[in-house]
Structures are given as C-alpha cells and as structure tokens.
Amino acid sequence: DVPDNTYQDGKVAELAVKTLRDLSKKPEPFFLAVGFIKPHLPWVSPKKYWDMYDESKIALAPNPFYPKDAPDYAIRKFDGEIYQYRGMAAKGQPVPEELARKLKHAYFASVSYSDAQVGVVLDELKRLGLDKNTIVVLWGDHGWKLGEHDAWCKHSNCENDTNGALLLSVPGMKHAGTRTNSIVEFVDVYPTLAELAGLPLPPHLECLSFKPLLDDPQRPWKQAAFSQYPR
C-alpha cells in the first residue's frame, strides 16, 4: 500500500511531467520518448490497483492447449523469466488454477498501474495546452500469454505474442476513438510519425506509413505481417 512513485513507472511519469513543463517553455518542436516498464515482470504494483480486481472472478485462458497440429517447437512452453520467480510452478509442470488466477490478477494490476501513469502524462500534456498540436503514439513491444496454449510469457509466433497494443492520436484526426482491423507493423511507426510531422523519409526504409488508415480505417491495406521467433 504505497504511492505510485514508489515504483519505477511512477517515477518515470513524474520525470515526464517535469520534462513536458520544461519543453513547453521552448519554441521549437520536441520528441519525447517515455518508457513504462509494466506490465513487464515482476508484477508488483501499489495495492489500490490490485483492489480493482476480484481474483475469484478472473477467467482462466479459454484455450489452454496447443494449436491443432502445431509442433512442440512452435510454442516454447517453458521459456521465459516467469519461471525464475519463487512460487511459480516448476518447468514442465502445469500451473494450478489458483496460481493462474493469482498471476493474471498481478498482471491486470500492473497494466492498470501503467495505464494510470500514462494518464498522468496525458493530463499534463493537456494542462499545458500541448495536446492541441502534439502527436501521441502508445505501443507495447509484444503481446503475452497468460495460460493460452498452456504457456506463459511471450515466446512464440502465435497471435497472443505477436499482436501488441498500438494507439495513435493526431490533433484533428477524423476518426478519433475508432479502431481498424488492418495489419500494421511496429517498423511502420517511424514513417507514420515522420509523415504526420512533415519530415522527409530516407529512401532505404523497409516499412510503410499507415497515415492513410487514419483517414480511412477500413481501406485495403497490408495482406500480411511477418514475425520470427526464435532465431
């Protein structure tokens, strides 16, 4: 039961707020990268975020089995740092339901904690009036399995692992608050931000600006994205 700034992400949010205040006093454009670590392990967060969830009502993974005909190599079942933590089931052993709910509870609390820190930064951006001409992109580096395919962590090419969060806000955008089912890749973030900011793109890029999707979220787009794991 501690303040948010007891942990790293709370400190990062405070530093981001201070940095925004400093940047708001300068006339030139800025690029600010703010890195929150949660919901990366270890899943510790202030008590109030744990209290947001009733552990007894947390549903377990609906598909705790391998995809049909998938080879053992496809999903590295017992990879990942979660097995280094005390109290985790031993490698090769199934995770009991009670422990699985506890782990999901901890993960959800960490997500809510990180979400609150994002809110701290965005609130300050708005308070300073910078939201009117600032592009904001929020993304995570990968997805995560919470018992899906009888596995935990991120080590596979299945949808749980390759489908990460990606949100983009642009001042004056036509379709704020909507989503698209079109496929984009994280390598596309750079050309998208550059185009939105009116910056030139070097010719060697192997990626694609998805700015057109902001104008028409349902338009035809990429047919595939490629992921490789392990190398």
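1. Basis of the values. The model is predicted, so local features are reported only at pLDDT of at least 70 and side-chain atom pairs only at pLDDT 80 or more, whereas totals for chains, interfaces and linings use all residues. Residues are numbered from 1 along each chain as its sequence is written, and side-chain values use heavy atoms, with hydrogens and water left out.

2. Salt bridges overall. Side chains of opposite charge can pair when their charged atoms come close. With a salt bridge taken as a side-chain nitrogen of Lys or Arg within 4 Å of a carboxyl oxygen of Asp or Glu, a search of the whole structure returns 12 of them.

3. Helix 1 to helix 3. Among these salt bridges is that of Glu 124 with Arg 21, whose closest N and O atoms are 2.8 Å apart. This pair joins distant parts of the chain, since Glu 124 belongs to helix 3 (residues 97–127) and Arg 21 to helix 1 (residues 8–23), 103 residues apart; helices here are DSSP runs of H or I with at least four residues, strands are runs of E with at least two, and both are numbered from the N terminus. Burial is judged by relative accessible area, with under 20% called buried, over 50% exposed and anything in between partly exposed (1.4 Å probe, protein chains only). Glu 124 counts as buried because its relative accessibility is 6%, while Arg 21, at 39%, counts as partly exposed. A network of salt bridges links Arg 21, Glu 124 and Arg 127.

4. Two further pairs. Lys 145 and Asp 161 meet through their side chains in a salt bridge with an N to O distance of 2.6 Å; Lys 145 lies in strand 2 (residues 145–146) and Asp 161 in helix 4 (residues 159–162), so that the pair links distant parts of the chain, 16 residues apart. Both Lys 145 and Asp 161 are buried. Lys 222 forms a salt bridge with Glu 185, the closest N and O atoms being 2.7 Å apart. Here Lys 222 is in the segment after helix 6 (211–215), and Glu 185 is in the loop between strand 4 (166–169) and helix 5 (189–196), 37 residues apart.

5. Helix 3. This helix has 31 residues and reaches 45 Å from its first C-alpha to its last, close to the 45 Å expected at 1.5 Å a residue, where the expected span is 1.5 Å times one less than the number of residues. Gly 129, with a positive phi near 80°, follows helix 3.

6. Main nonpolar core. In soluble globular proteins, nonpolar side chains tend to be buried together. A nonpolar core is defined as a set of buried Ala, Val, Leu, Ile, Met, Phe, Trp, Tyr and Cys residues joined through side-chain atoms within 4.5 Å. The largest one has 16 residues, and those with the most contacts inside it are Trp 43, Ile 82, Met 88, Val 95, Leu 103, Trp 144 and Trp 152. Helix 3 and strand 3 (152–153) are the elements that give two or more residues to this core, and helix 3 supplies the largest share, 5 residues. If contact is taken as heavy atoms within 4.5 Å, and neighbours within four places in sequence are left aside, Trp 152 touches residues including Ile 82, Met 88, Val 95, Leu 103 and Lys 145.

7. Second core and helix 5. A second, separate core of 8 residues includes Leu 168, Val 189, Leu 193 and Phe 210. The buried residues of helix 5 are Val 189, Pro 191, Thr 192, Leu 193 and Ala 194, and they pack against strand 1 (136–139), strand 4 and helix 6. Thr 192 is buried, at 1% relative accessibility, and apart from its neighbours within four places in sequence is in contact with Leu 168, Leu 208, Ser 209, Phe 210 and Lys 211. Gly 198, which follows helix 5, has a positive phi near 75°.

8. Cysteines. With a disulfide counted as a pair of cysteine sulfur atoms within 2.5 Å, the count comes to 0. The sulfur of Cys 158 is too far for a bond, because the closest cysteine sulfur, in Cys 153, is 12 Å away. Cys 158 is buried, with a relative accessible area of 12%, whereas Cys 207, at 23%, is partly exposed.

9. Asp 141. This residue sits in the loop between strand 1 and strand 2 and is exposed, with a relative accessible area of 60%.
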